[in-house]
Each structure stands twice: as C-alpha cells, then as structure tokens.
Amino acid sequence: MRRKWLPWLLMTVGFDCLRTGESEDKGGVSAVTISRRAKTYKLTVPLRAADKLRRMSQGGQLAGRWPNLFALIVALLACVLPGCVTETKTQGVQNLWRGESAPVFRRGQSTQQDVLAALGPPSQLISLGDQTVFYYLLEQTRSHSEVLIAYNQTHAIVVYDRAVFFFDAKGRLTEFATSHERITENDK
Amino acid sequence: MSALPRTTNNRAGRFGRIVATGATLALAVLAAGCSRIVTDVGPPLPQRTSLDLAPGHDAIRDVLASLGPPAQISAAAGGGCVMLYEHNAINENQLGFDIPYGIPEYFKLVYARATLEHDCWAMTFDPHGTLIGWGEERHRIPFGSGFALQFLVSAKGLVDTSEISVPATQHRWGMASLCPLPQVLNTAQSLTSGADGLEQTPSPPSAGQHTLDMEAR
C-alpha cells in the first residue's frame with residue numbers, strides 16, 4: 001500500500017524520539033521500522049519517502065527537532081490566537097426613565113399615579129413612616145472572556161441603572177433621582 | 001534494530017532539541033492556564049472629601065443629587081431612613097501548572113487566590129430627611145483561595161464569589177412570602193424588605209437576623 005503522506009504525518013506529530021531503523025527494499029516500496037516512545041512500528045512507504053526518512057533520521061532531524069519545533073509553533077499559536085466569549089445578562093424592570101422620550105416628573109406636582117403610569121410597577125416598594133419609596137432597578141452583568149489557553153482573562157461588570165422616588169403621605173412626589181450609571185439600548 | 005551513528009549534526013540537533021524542549025516545558029509549566037477573573041459590582045464610590053455633603057446640614061435631596069439612588073433603602077426606628085451605597089470588586093488570579101506528557105497534558109493543576117475590594121457608605125436620615133450619620137468602610141482583603149484540576153482550556157473561577165455577585169435584593173422583594181418557612185415567619189426581621197434595616201453584601205449569613213432564617217442565604 002502506497003502511503004506517501006504517512007512519513008510526513010509521523011514526522012509532524014511525533015513529539016518524542018522518532019527514528020528510522022532497518023529497511024528492506026521491495027520493488028517500488030520499502031518496509032521501514034520506526035520507533036516512538038519505546039514502541040516500534042513497521043510501515044510500508046514509497047522508496048523516495050523511505051530515503052527521505054533515512055536521511056533525516058541520520059541527520060538527527062527526526063530525533064525530535066522537527067516535532068519540537070512543531071510543538072513550539074503550536075504553543076505560540078495558542079498564545080496569540082484568542083478565543084473570545086462575551087456574555088450579557090439583564091434582569092429587572094424596563095428603564096423607561098432613560099431615553100429621549102423619558103417621562104418628566106416634577107416635585108410637588110407629580111403623584112404616585114403619574115409614576116406608576118409612566119414606569120410601571122417598581123422593583124421594590126418601601127414604607128418609611130409617612131413616606132413611600134418606589135425603587136426601580138435594572139441590573140446588567142457584562143462579561144468578556146479571552147481564552148488563550150496559556151493565559152485566560154475574564155472581566156465581569158455589574159451595572160445598576162436605578163431610579164428612586166419619594167412620596168409624602170398624600171402621594172405627592174417629594175424627591176426623585178436616577179443613577180449616574182445607565183444602561184442604554186445599545187447595551188441590551 | 002541497529003543504533004544510528006552519532007554525528008556532528010546529531011550533536012547540533014540535540015542542542016536544538018534541548019533548547020526547544022526546555023522552552024516548551026517552561027511555557028507549559030510556567031504559563032499553562034494562568035487566568036485573571038475580575039468581577040466589578042456597582043459603581044465605585046468617590047472620595048468622601050470630594051463631596052460637598054455633611055451630616056446635620058444636608059438632606060436626602062442633596063445626597064440623591066450627588067450620588068443618585070443608593071443600593072438599598074430601609075426605614076429606621078423613629079421615622080427616619082437609612083441608605084446604603086456599596087461597591088465590590090473581586091480580583092481572582094489563577095496560576096496553572098501542566099504536566100506535558102501523556103493523558104495529564106490535557107489537564108492543568110490550578111491554584112487561585114482572590115481579593116475583595118469593598119467600599120461602603122451607610123447614611124442615616126432623621127424623619128425630616130436630614131443627614132444625621134455617615135459611616136464609611138473601605139478595605140481590600142483576601143477573599144479566598146482554591147486548588148483544582150481543570151481541563152486545559154477551561155477558565156473557571158475557583159473561589160466562591162456568589163455572595164458578592166448575587167443579584168440585587170430588590171429583584172426578590174416580591175417573593176418574600178415564597179421563601180422557606182423560617183424566613184417567612186421572620187419577615188419582620190428581614191434585611192431585604194426595606195422596612196426593617198439593611199446589611200452590607202459581604203455580611204456573613206450566620207450572624208444577626210439571618211440566624212433566624214436557619215440556613216445560609
């Protein structure tokens with residue numbers, strides 16, 4: 001059986017000691033004995049390939065030099081070829097208080113009904129004596145990983161987009177604020 | 001099988017092989033599976049001196065204008081309230097070791113250490129909304145360490161950071177009555193409802209009101 005590619009494949013993937021031994025010429029092919037990791041194998045390859053194997057073996061090239069160079073190249077490629085993973089997870093209410101069409105609230109004028117109608121149910125409702133607090137929260141986790149085999153890096157950022165509204169006993173808006181951190185449409 | 005004769009080329013090849021093998025081993029042992037995992041939760045808190053806020057002088061309106069909504073709000077005894085501003089950052093560094101031979105070469109031994117950077121402000125307000133107390137905590141402490149056997153290309157955190165990266169308590173506010181029975185029976189002492197106080201995120205679950213829950217968070 002003519003297997004021209006086999007010596008080159010063996011030469012490439014043989015990380016450890018690879019030597020050619022005795023050969024017996026039989027017409028157009030040659031029986032070659034090679035060894036790798038203390039195990040011997042008999043192959044039938046074309047004469048030209050057998051000669052090449054024999055020459056390289058005698059020159060010391062098959063005794064680990066080429067395979068180790070190959071291993072080095074693979075290691076270097078593993079270091080520079082990145083595998084990137086980006087993940088985004090969002091939970092909470094819709095941040096309707098952001099954007100160009102965001103509702104406008106006024107202290108002393110807006111009511112609980114105005115806020116509920118504009119933003120929907122809050123994430124949390126807190127009773128502070130005679131005051132009521134509506135707490136709106138949208139949470140987003142942005143994770144970016146670079147898997148380089150030899151070196152990996154993962155950076156996760158948790159961003160909170162918040163809005164809080166304080167109401168008096170009559171349900172009038174007394175204070176409100178939105179967070180400096182914000183989650184835009186492009187982030188979702 | 002007859003041995004091959006040694007030649008000058010063989011010696012040069014052997015030197016190159018030693019250098020290549022050494023470099024490969026060094027790369028495999030020293031750099032295999034080194035990882036850095038950073039988790040940043042919430043906005044960093046500015047330096048306190050950079051803010052024009054003072055207890056006894058400023059009110060909720062001034063605080064909200066300067067800092068925005070807090071991480072948590074809760075009612076306080078006497079009709080006031082308390083706000084918590086918090087920032088946590090966990091930095092986990094992993095050092096991997098690989099055995100570049102046989103089956104073990106597909107796995108790596110990984111040692112990991114994590115540090116926690118924790119910044120927290122607790123602000124208390126009287127019933128009139130005036131800032132009356134402002135506590136600060138800033139520290140950078142070891143958060144944990146771990147050792148594992150991982151597949152070569154995996155990059156997974158070894159230190160349990162779930163107590164820091166847990167979703168905000170506001171998301172679970174409406175589920176208070178669906179918690180396990182010991183927690184439901186003690187909702188009057190809940191630290192997440194906004195009515196009975198609050199706590200910092202890294203607080204241990206086996207202290208304070210959580211002991212009534214009879215289990216870890």
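Biologist: What do E2(B) and E3(B) form, and how many residues sit between them?
Modeller: They form a hairpin, with 5 residues between the two strands. Do keep in mind that this is a predicted model.

Biologist: Which residue in the turn has a positive phi?
Modeller: That's B:Gly78, with a phi of about 90 degrees.

Biologist: And in which sense do E2(B) and E3(B) pair, parallel or antiparallel?
Modeller: Antiparallel, over 4 bridges. E2 of chain B covers residues 72–75, and E3 of chain B covers residues 81–98.

Biologist: What stands opposite B:Ile73?
Modeller: B:Met83, which belongs to E3(B).

Biologist: Which way do the residues of E2 in chain B point?
Modeller: B:Ile73 and B:Ala75 point one way, while B:Gln72 and B:Ser74 point the other way.

Biologist: Are those residues buried or exposed?
Modeller: Buried, on both sides of the strand.

Biologist: Now B:Cys81, please. What is it in contact with, leaving aside neighbours within four places in sequence?
Modeller: In chain B, its contacts are B:Ile73, B:Ser74, B:Ala75, B:Ala76 and B:Phe125. B:Cys81 is also in contact with A:Leu128, from chain A.

Biologist: Where does B:Cys81 turn up in the largest nonpolar core?
Modeller: It's among the residues with the most contacts inside that core, together with A:Val133, A:Tyr135, A:Tyr136 and A:Phe165. The core has 40 residues.

Biologist: Changing topic, how many helices and strands are there in chain B?
Modeller: 3 helices and 5 strands. Along the sequence they run α-β-α-β-β-β-β-α.

Biologist: And chain A, what does its secondary structure come to?
Modeller: Chain A has 4 helices and 8 strands, in the order α-β-β-β-α-α-β-α-β-β-β-β.

Biologist: What share of each chain is buried?
Modeller: In chain A, 32% of the 188 residues. In chain B, 29% of the 217 residues.

Biologist: What about contacts between residues 24 or more positions apart?
Modeller: Taking contacts with a separation of 6 or more, such pairs account for 51% in chain A and 65% in chain B.

Biologist: Last one: what average pLDDT does chain A have?
Modeller: It averages 77, and 69% of its residues score at least 70.

Biologist: Where does pLDDT stay under 50 in chain A?
Modeller: Over residues 15–19, for which the model has 21 contacts beyond four places in sequence.

Terms used. Residues are numbered from 1 along each chain as its sequence is written. Chains are lettered from A and ligands numbered from 1 in the order in which they are written. This is a predicted model: local features need pLDDT of at least 70, side-chain atom pairs count only at pLDDT 80 or more; totals for chains, interfaces and linings use all residues. A residue is buried if 20 or more other C-beta atoms lie within 10 Å of its own, exposed if 12 or fewer, and partly exposed in between; C-beta atoms are placed from the backbone. Two residues are in contact if their C-beta atoms, placed from the backbone, lie within 7 Å. A nonpolar core is a set of buried Ala, Val, Leu, Ile, Met, Phe, Trp, Tyr and Cys residues joined through C-beta atoms within 7 Å. pLDDT is the predictor's confidence in each residue, from 0 to 100. Two strands pair if DSSP finds at least two bridges between them.
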